[in-house]
Amino acid sequence: MGVRGLQGFVKSSCPHVCMVVNFKELAEQHRSRHPGGTPTIVVDAMCCLRYWYTPESWVCGGQWREYFSSLREFVKTFTAVGIKLVFFFDGMVEQSKRDEWVKRRLKNNREIAKIFHYIKSHREQPGRNMFFIPSGLPIFTQFALKALGQETLCSLQEADYEVASYGLQNNCLGILGEDTDYLIYDTCPYFSISELSLDSLDTIMLCREKLCQSLGLSLSDLPLLACLLGNDIIPEGMFESFRYKCLSSYTSVKENFDKKGNIILAVADHISKVLRLHQGEKKLEEMLPLGPNKALFNKGVASYLLPGQKSPWFFQKPKGVVTLDKQVLSMSSDPKSKQEVPVCTHPESKQEVTTCTDSESKQEVPLCTYPESKQEVPMCIHPESKQEVPMCTDPESKQEVPMYTDPEPKQEVPLCTHPESRQEVLLCTHPESKQKLPVGMDPEFNLEAPLYTNPETKQEDPVSMGSEVKQQITMVSDPEILKVARAHHVQAESYLVYNVMNSGEVECSNSLEDAMDQALPSQAFVYRPVRQRVYSLLLGDGEGGAPSLKLLWLSQEAGVQAQRLDTLLACFDLSYSREELQVVESPFQALCCLLIYLFVQVDTLCLEDLHAFIAQALCLEGKATMELADLQLDHVDPRAVQLGTLLVRGLTTLVLVNSACGFPWKTSDFMPWNLFDGKLFHQKYLQSEKGYTAEALVEQHRSRLTRFHALKSVVCKACMKENRPIVSRRHWRSHHSGRRGQQGSSAHRTSSGYSRSGQGQHWRDQGPGSRQYDPDQWRRY
């Protein structure tokens with residue numbers, strides 16, 4: 001995150017750049033300079049998640065009530081000294097940063113494997129040095145902060161740019177985060193969240209002016225330095241030889257500096273003593289070895305320029321970057337054809353949509369998890385059926401082979417091969433224009449989706465510097481609906497809906513699941529059928545009998561709320577359970593909805609698992625925060641870890657579905673601090689495995705016991721309607737004999753003899769997902 005090597009360089013080699021400050025004193029100074037104004041700190045929330053998550057336990061699925069309490073304390077401390085906080089969350093990953101995003105996800109996979117190895121070896125949670133944030137932490141933090149009355153925003157592009165812009169335009173006291181990009185932006189002061197003492201409100205301010213003094217640079221040189229060192233846009237290897245060339249000619253190598261520190265000094269020295277000699281006389285590409293990377297490099301430098309700012313390194317408007325009404329249009333050059341391929345920004349959202357893969361940047365394909373190995377593989381989504389389709393890997397060539405057949409003409413969707421990388425780029429044909437369009441990537445579900453161009457908008461030559469570009473590329477053509485989705489997105493009131501509708505791209509980070517455990521399918525694929533129905537709802541434009549979004553989102557007519565609930569249940573394929581769920585009290589309707597779905601989908605879940613899920617939710621109501629914090633576990637079970645995360649992942653899926661259906665349920669009904677506690681679930685799981693009675697599981701509480709049996713009855717009856725009896729693990733072997741072989745590995749619901757499709761195939765053979773997805777399934781409801 002940020003500029004390569006800069007964080008370590010500043011701390012070890014330029015300690016004077018880091019200044020101890022006190023927020024209370026800074027706020028008082030701000031009020032004296034701006035009478036009547038409110039000192040405001042803009043918070044990069046994604047940088048702060050690790051700081052905020054203070055509960056000791058993190059591996060069991062999240063200590064959500066403890067976490068909510070720590071957030072409340074954080075907000076309360078700043079409010080007490082008169083400081084307003086504005087929180088920004090990442091709303092998307094820009095295409096130019098996709099390569100770095102994928103690398104982090106792959107690195108996370110390796111870290112997760114180490115965590116499970118430790119759990120299996122020691123039967124306890126690893127130390128904080130292996131800390132991995134619980135699944136769903138970013139999205140639930142948004143809703144927690146909103147519940148605490150805080151201004152919470154979700155970005156339409158990379159959050160660091162919007163944070164820096166907001167801080168500059170609103171004369172904020174500063175930015176609170178942990179990203180060296182904030183040292184590069186010419187904006188308000190940057191404060192470190194990792195160095196913050198909440199008791200005293202002391203922290204470290206990283207002074208960009210002092211950094212410039214140390215390097216002999218001006219503020220306007222910092223974007224150039226950042227790109228030459230490498231950041232989230234510019235791959236580290238792009239200028240590696242250039243950096244070593246600078247180092248070899250650098251005459252002031254400091255023996256007490258490390259190698260990276262000397263490289264930073266050498267590059268800064270080259271900028272100040274060599275590049276400045278020809279500044280304004282020569283083009284930047286004549287002074288640097290840009291080659292075919294010119295457009296990407298220009299984009300990298302321009303990414304640090306906030307509204308109204310210019311770079312002296314662009315002595316004329318740089319070819320390949322056009323600024324039009326806060327809209328950046330960047331060109332990615334094909335080194336073979338010498339033609340520039342447009343990368344355009346949505347005129348309202350400022351969200352970039354690429355239409356070509358830069359062969360030089362070597363961007364990796366976004367990934368999802370393959371059900372057997374739980375390793376990530378690329379996925380694409382069919383534009384009409386909304387089905388996610390996996391791409392397999394050729395076992396000999398180790399290359400990805402698209403598995404994508406158009407279901408109607410039974411012809412394969414055309415693929416074009418990039419001339420340099422020789423990688424195939426999937427093309428989808430717009431059903432009306434019949435034009436082949438490159439597809440965008442969805443790394444969570446992890447789909448590729450076609451980028452539709454609004455046929456009413458005019459497309460002009462984007463290469464022409466003087467032309468007005470009024471091109472809008474979205475997945476949805478209705479501007480009113482897109483505007484509503486955008487507003488909910490910006491105000492952090494929805495989840496993923498706008499990303500799907502606007503560009504067909506969504507992101508979700510890794511979660512704790514064991515790639516070596518074959519007894520449970522991958523979480524991404526367990527919830528895949530739900531996502532497919534949401535795609536059909538959001539992108540189908542009323543096709544297949546799906547209710548219209550205008551009705552669900554905008555109508556105030558009587559009976560619409562019931563239709564919203566019907567649509568939500570249809571997304572989970574639970575319309576048959578409507579009557580049973582209606583009698584369940586809040587917030588347990590949402591829990592029962594998830595449990596029915598999970599137990600129908602995954603037939604390696606047993607009665608003991610159901611008891612644990614229900615008992616922990618009922619007991620949670622009566623637990624104080626400190627009581628949960630003091631709870632001790634006999635040991636940590638790796639299967640329970642996965643089940644806890646599986647449920648939390650389901651809660652995030654509920655946020656998506658509820659948003660897409662027009663909010664039939666209150667959001668608070670499925671916030672984890674009202675339904676789930678990781679340690680408490682783990683305790684109930686271990687007790688249930690030991691054979692504890694229902695009375696013991698609900699801690700001898702008579703009222704809880706009555707509700708326990710009522711909720712259990714709702715789930716079991718609904719599952720029986722799907723011909724899916726929930727049995728005890730003690731009857732497991734006899735019940736499943738003949739269906740699984742010697743390994744006893746999991747079967748997904750498509751494999752089960754109970755499945756409505758009756759396919760009787762193993763879920764790994766049939767492919768990810770549940771019962772066969774029916775693109776016309778809405779008509780049944």
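**Strands, a helix and nonpolar cores in a predicted model**

Strand β3 is joined to strand β4 (residues 151-154) by 4 bridges, and the two run parallel; strands here are DSSP runs (E, at least two residues) and helices are DSSP runs (H or I, at least four), numbered from the N terminus, and two strands pair if DSSP finds at least two bridges between them. This is a predicted model, in which local features need pLDDT of at least 70 and side-chain atom pairs count only at pLDDT 80 or more, while totals for chains, interfaces and linings use all residues. Residues are numbered from 1 along each chain as its sequence is written, and side-chain values use heavy atoms, with hydrogens and water left out.

**Strands around β3**
- Strand β2 (residues 40-44) is also joined to β3, through 5 bridges, and these two run parallel.
- D44 stands opposite F88 in β3, whereas F89 has C154 in β4 as its bridge partner.
- Because 5 of the 6 residues of β3 (residues 84-89) are buried, the strand is largely enclosed by the rest of the structure; buried means under 20% relative accessible area, exposed over 50%, and partly exposed in between (1.4 Å probe, protein chains only).

**Helix α12**
- The 15 residues of α12 (residues 259-273) should span 21 Å at 1.5 Å a residue, which agrees with the 21 Å between its end C-alpha atoms; the expected span is 1.5 Å times one less than the number of residues.
- Since 12 of its 15 residues are buried, α12 is largely enclosed by the rest of the structure, and its buried residues include G261, N262 and I263.
- Among the elements that cover these buried residues are α1 (6-13), α9 (208-215), α10 (222-229) and α11 (240-249).

**Nonpolar cores**
- The largest nonpolar core holds 137 residues, of which F23, W52, F78, L176, M501, L538 and F572 touch the most other members; such a core is a set of buried Ala, Val, Leu, Ile, Met, Phe, Trp, Tyr and Cys residues joined through side-chain atoms within 4.5 Å.
- Another core, of 62 residues, lies apart from it, and L153, C212, M238 and V301 are among its members.

**L569 in helix α20**
- L569 lies in helix α20 (residues 560-571) and is buried, with a relative accessible area of 2%.
- Leaving aside neighbours within four places in sequence, L569 is in contact (heavy atoms within 4.5 Å) with L574, S575, R578, L581 and C593.

**Cysteines**
- A search of the whole structure finds 0 disulfides, a disulfide being a pair of cysteine sulfur atoms within 2.5 Å.
- C154 counts as buried at 8% relative accessibility, and C227 counts as buried at 0%.
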